[in-house]
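Let's take a walk through this structure together, moving from backbone details to the spaces between side chains. Please keep the sequence and the model open as you read.

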Amino acid sequence: MVVIDPRRSSSLEALRTLDPERVLHLRPAPGTDLVLANAMSRVVLDRRWQDEAFVRDRTDAEGFAAWREHTLGGRTPLAQVLAEAERITGVPRADIERAADWTHRPKRHGRKRTLTLYEKGVIWNLRNHDTVASVVQLAMLGGHVGRPGTGCGRQGGHQEGYVRPPYPGPRPPPNVDAHLLGGGGKALWVMGTNPYLTTPNAQRYRARLHERTLALTRALTGPRGSDPAGPEARADAIVRALDQGDGLFLVVSELYLTDTARDAHLVLPAAGWGEAELTSINCNSRLLRLYDRFVDPPGDALPDWEICARAARRMAAVTGEPRYAGFDWDGPEAVFLEGGTTFPDNRVDEAGADGLPCETYAGVTYAMLRERGPKGFQTPVRRDPGTGELVGTKRRFAHRFATDDGRFRWHASDGWTGYPEPVATYLASADRWPFWLTTGRTQRLWQTGYHDQRIEERLADVPLPYVELHPDDAATLGVAHGDLVEVHNEEGNLVAQARVLDGPPRGMVFALQFHPLGTANDLTNPHVDATTGIPWYKATRVAVRRLEGEAPAFDPISARPTNVFG
């Protein structure tokens, strides 16, 4: 196992208890994963460990040459490339070479089978598009796809949105957060998320949206504190107020009155899991499954599809615009079946399935999913040309890739270009901002604590936001295990409980990303990837100080180190 993570995590230590000699831990500096992956690729090529037949027969030759020359520094001596990679990433040259050896050096009787899994540390990293490409291309060099024991993809089991209407806007998409912060937009509809906690630079985001929603509320209520009577008069007043000022009309569809919903002018009660039929595709196994309703939603709550359909039908009636047509579904399966028609013809053989969009499910019905139960269908689903039977796909890209000519496309990116603002400015004043901050989640509190904060036993296990500090850094700061500390920078601040353990390296603070009592996203910088628009959640610079006074009482078990076994 090669584990790439700045921290000594519980996953890493669990592996080491089994066989420490077969676990290699690489700890790159934040944001430098693409440098590490590209350096490993360069080692593979210089050692001639690549799957030559795979690269020749299944990938684009011209793109490969450009990637090798431009991205990997094909004419630069390997020793110089590795010295530069070590300087940037902090990973010793010997470990870079050992990682390439373990994952790519051929065995005596054939190719190695390497499975490459990544998650948010890559997806939410600096230069998201280039970083993901560097990891995927390292796997492609070894032909680590389409064979048992190989693969490259996300580790998590997230439920992906899998039917997407045509997107009429530009690429990359606009930065909606920046647009709203700058006074753009007149209405915001939030559904299925709580951006007051999850948005990068969340402290500024909350303050600005509160300011804009409050401006509209004040414009509506007037000096005497009463708003227009009746829905039509109120709607007219809202439109007039939005035309005249900086206000924002906020709509939230939710199960609970979240932080974001408290600022909303209109809250639409939504149906939750078990209260509405739901289909989902698990992103690591590609399993399409149906979760049937087993209880009616409370009160006026409706499933998301019906909320959207009612709004669209009303907008069609008011405006007469054709873009609001097509929402006359009579139930959730009608929405599902219509989504299936958006995929290309899936009457193909096994090799042809590699060319289908990953989520293809044309022809699948609720009845079929109910019959298959938890087994579901592995997408893409194809209709066998000979039998007419719908068949799932066990393994992708055994025959071709989903490109016009079936060949893998290499991505030639620039080399290391340094850190963007505001992190570059923080680094220039490292004495003021001495720590890297990285963030993550915990298995003991799901995501933002959306449901768990309402379950006493779950919240008792993680009663406070927390940060992990290396023992040497804690000693320098005069911080003891369990103390309250303030983590701060120019973006915001977070009050959290200190957990002193050797998970993070010296000079790095790890913070729980989400908690009902505080979010580390108040500290994250506003930088987004120029190609994808994905935020760089995973790193910024901060300072830490111990707070005086008595810390809240807590169960020591709740703050036990998570990376110690035995």
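You are looking at a predicted model, in which local features need pLDDT of at least 70, side-chain atom pairs count only at pLDDT 80 or more, and totals for chains, interfaces and linings use all residues. Residues are numbered from 1 along each chain as its sequence is written, and side-chain values use heavy atoms, with hydrogens and water left out.

The phi angle of Arg127 is near 55°, a positive value in a residue other than glycine. Most residues other than glycine have a negative phi, and most peptide bonds are trans. Arg48 also has a positive phi, of about 60°, although it is not a glycine, and this residue lies in the loop between α2 and α3. Are these two arginines buried or exposed? Buried means under 20% relative accessible area, exposed over 50%, and partly exposed in between, with a 1.4 Å probe and protein chains only. Arg127 has 12% relative accessibility and so counts as buried, whereas Arg48, at 70%, counts as exposed.

The backbone also holds cis peptide bonds. One runs from Arg171 to Pro172, with omega near -5°; Pro172 is placed in the loop between β5 (159–160) and α9 (176–181). Another joins Thr379 and Pro380, with omega about 0°, and Pro380 is found in the loop between β11 (377–378) and β12 (382–383).

A nonpolar core is a set of buried Ala, Val, Leu, Ile, Met, Phe, Trp, Tyr and Cys residues joined through side-chain atoms within 4.5 Å. The largest one has 32 residues, of which Phe64, Trp67, Ile96, Met140, Leu141 and Trp410 touch the most other members. The elements that give two or more residues to this core are β2 (24–26), α2, α3 (52–58), α4, α5, α6 (93–104) and α8 (128–141). Which of them gives the most? That is α2, with eight residues.

On a 1 Å grid over the protein atoms alone, a pocket is an open set of points with protein on both sides within 12 Å along at least five of seven lines, a cavity is a set where a 1.4 Å probe fits but cannot get out, and lining residues have an atom within 4 Å of a point. Grid points are joined across faces, edges and corners, and a volume is the space filled by probe spheres set on the points. The second largest pocket has a volume of about 290 Å³. Its lining has 17 residues, with Val35, Thr71, Val81, Glu84 and Gly415 nearest the centre. Two or more lining residues come from each of α2 (33–46), α4 (61–71) and α5 (78–89), and α2 gives the most, five.

There is also one cavity of 30 Å³ or more. About 40 Å³ of space lies in the largest cavity, and the residues lining it include Tyr466, His481, Arg499 and Thr562. The elements giving two or more residues to that lining are β15 (466–469) and β17 (493–500).

Let's finish with the strands. Two strands pair if DSSP finds at least two bridges between them. Three strands form an open, parallel sheet in the order β6-β7-β8, and its edge strands, β6 (187–191) and β8 (266–269), each pair on one side only. Strand β7 (residues 249–254) pairs with β8 over four bridges, and Val251 has Leu266 in β8 as its bridge partner.
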